Amino acid sequence: MTRPHPTAPRSAGVLRRVATTAFGVTMLVAGVAAAPATAAPAPTAPHGKAATTGSFVDSTPAPGGFASWKELLTLQQRMNTAAARITSLAERNPKSGFAGVVADPTARQLQVYWKGEPPADLVAVSRTTVPTRVLPAAYTRRELVAAAAKLRRSAGDKLTTVGPRADGAGLLVGTQNGLPGAASLAGVPVTVQTGVAASPATRWDDTAPWWGGAAWRNTSTGGGCSTGFGVFRAGAARVLSAAHCANINVVAADPTGQTIGAVGVRNTGTDTLLLTASAGGRVFNNSTDAAGAVVSEFNNQVIGALASQVGNFVCTSGAYSGTRCSIQVKARDLCINVRDFATVCGQVQAESTTRTNAVGQGDSGGPVQIVNGANTLQVWATGTNTAIDDFNTLTACTGYVPTGRKCAWRMYYEDIISGMAGVGASGVILG
């Protein structure tokens, strides 16, 4: 594969055209290799910290008939609060009929899927927060998780993704060329997505404490990624990013050559790592014009960690693509086969509703965020960029576009809760 120029900014998600007979191991990690010497220059941005704070959603139209993103996100937050409560209570009971929830604000109600009769008090509590509808499910979440594990053992690398559907109807399975007999192998109904390929998916001159969404490079290989949220591990501040970006003890540097820190903890099963570097509770973001060009760059305060639900709208912040929004969660709790890397679980599938770039090469390890509806200058940490589907969802890139860079409207990211657990992090750093 090509490598970026040694002085170019880096990020994860390098496209690797390595021959393989495994159908499912085709996701492109969301990073980039070194840009060729003829690559376009990096976008102009002030050195050091972005001095101002801004909203990157207030100026864009909201979907679903909402007057503003603030209105949509406020309802989404109420839905997520109710969904988290229902999920927590349901999972305490091993015989629970809980199948999943869909928290799509454009539906104007939280949809709870349950096998059998749900506890009346549980639903009643939810309805005090947000309109809630209980719908029947064929299978429980536990039954589908077990079925997914059975299918992974049987099908192996023929799978790109596998995990439970939020409506409890069966499994969601992604493959490159289809999988005949998948339902019989799993023992439950299977919804098969074909043509799915997962590949490992300023900002340019940050300083300590390091913020999320900045560029960093692997000083051993010359490849690069994006910084994720600041987190705590054993009381120390660390920088979260993607495990496919570097091995243990590799030193990370910013594009100017300033050392950030070394990889101290790494978990391939969740595709997360920690850089032993001082971290802050802020994320780089930017606003764009109608053509996608950066208008202004600023920072946003991180106010906590929040798991995203199916139906949620999220935004990404990668060093290469910049801030991207209008991205909706389609599935969660997936295991995905990432090309030339590993099987990664705890993954969320999301898609740009406008079919424009969600993330691209160079954005691996960068933050996935939920904007706070009560204050759109603040964000919740909800994930870390892992991969793009480079089989049939490729689209034009935004931000820094060196020759050959790939971007897509379908993406995969590691849930913030499972991602932190994978590297022993106890929580995100607040801004």
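## A146 in helix α3

A146 is found in helix α3 (residues 141-155), where helices (H or I, at least four residues) and strands (E, at least two) are DSSP runs numbered from the N terminus. At 46% relative accessibility, A146 counts as partly exposed, a class that lies between buried, meaning under 20% relative accessible area, and exposed, meaning over 50% (1.4 Å probe, protein chains only).

The model is predicted, so local features need pLDDT of at least 70 and side-chain atom pairs count only at pLDDT 80 or more, whereas totals for chains, interfaces and linings use all residues. Residues are numbered from 1 along each chain as its sequence is written, and side-chain values use heavy atoms, with hydrogens and water left out.

## Two buried loop residues

T175 lies in the loop between β8 (171-174) and α4 (182-186), and is buried, with a relative accessible area of 0%. Leaving aside residues up to four places away in sequence, T175 touches K158, L159 and T160, and also V192, Q193, T194, G195 and V196, contact meaning heavy atoms within 4.5 Å.

F66 is placed in the loop between β3 (31-32) and α1, and at 7% relative accessibility F66 is also classed as buried. With residues up to four places away again left out, F66 touches E71, L72 and L75 as well as P105, T106 and R108.

## The buried face of helix α2

Helix α2 (residues 120-127) has L122, V123 and S126 as its buried residues. Seen down the axis of α2, these residues fall within an arc of 90°, so they line one face of the helix; the arc is that of the directions from the helix axis to the C-beta atoms. An α-helix has 3.6 residues a turn, so residues three or four places apart point the same way.

The buried residues of α2 pack against α1, β5 (110-114) and β6 (132-136), whereas A120 and D121, on the other side of α2, are exposed.

## Strand β22 and its partners

In strand β22 (residues 322-337), 13 of the 16 residues are buried, so the strand is largely enclosed by the rest of the structure. Strands are taken to pair if DSSP finds at least two bridges between them. β21 and β22 run antiparallel and are joined by five bridges, with R324 of β22 as the bridge partner of T316, and a hairpin connects the two strands through three residues.

β22 is also joined to strand β23 (residues 343-352) by eight bridges, again in the antiparallel sense, and I327 stands opposite S352 in β23. These two strands form a hairpin with five residues between them, and D340 in the turn has a positive phi of about 60°. Strand β7 (residues 161-164) runs antiparallel to β22 and is joined to it by two bridges, T161 standing opposite I336 in β22.

## A three-stranded open sheet

Three strands form an open sheet in the order β24-β28-β27, with antiparallel pairing. Its edge strands are β24 (359-360) and β27 (394-395), each of which pairs on one side only. Between β24 and strand β28 (residues 407-408) there are two bridges, and V359 stands opposite A408 in β28.

On a 1 Å grid over the protein atoms alone, a cavity is a set of points where a 1.4 Å probe fits but cannot get out, and its lining residues have an atom within 4 Å of a point. Grid points are joined across faces, edges and corners, and a volume is the space filled by probe spheres set on the points. The largest cavity holds about 50 Å³ of space and is lined by V101, R141, P164, R165, A166, Q309, V310, R332 and D333. This lining has four nonpolar, one polar and four charged residues, where Ala, Val, Leu, Ile, Met, Phe, Trp, Tyr, Cys and Pro count as nonpolar, Asp, Glu, Lys and Arg as charged, and the others, Gly among them, as polar.

The second largest cavity holds about 30 Å³, and its lining consists of V57, W69, L73, F313, V314, C315, Q369, I370 and V371. Two or more of these residues come from each of α1 (69-91), β21 (313-318) and β25 (367-371). By class, the lining of the second largest cavity divides into eight nonpolar, one polar and no charged residues.

Key
1 Å grid on protein atoms, 1.4 Å probe; cavity = no way out; pocket = protein on both sides within 12 Å on 5 of 7 lines; lining within 4 Å.
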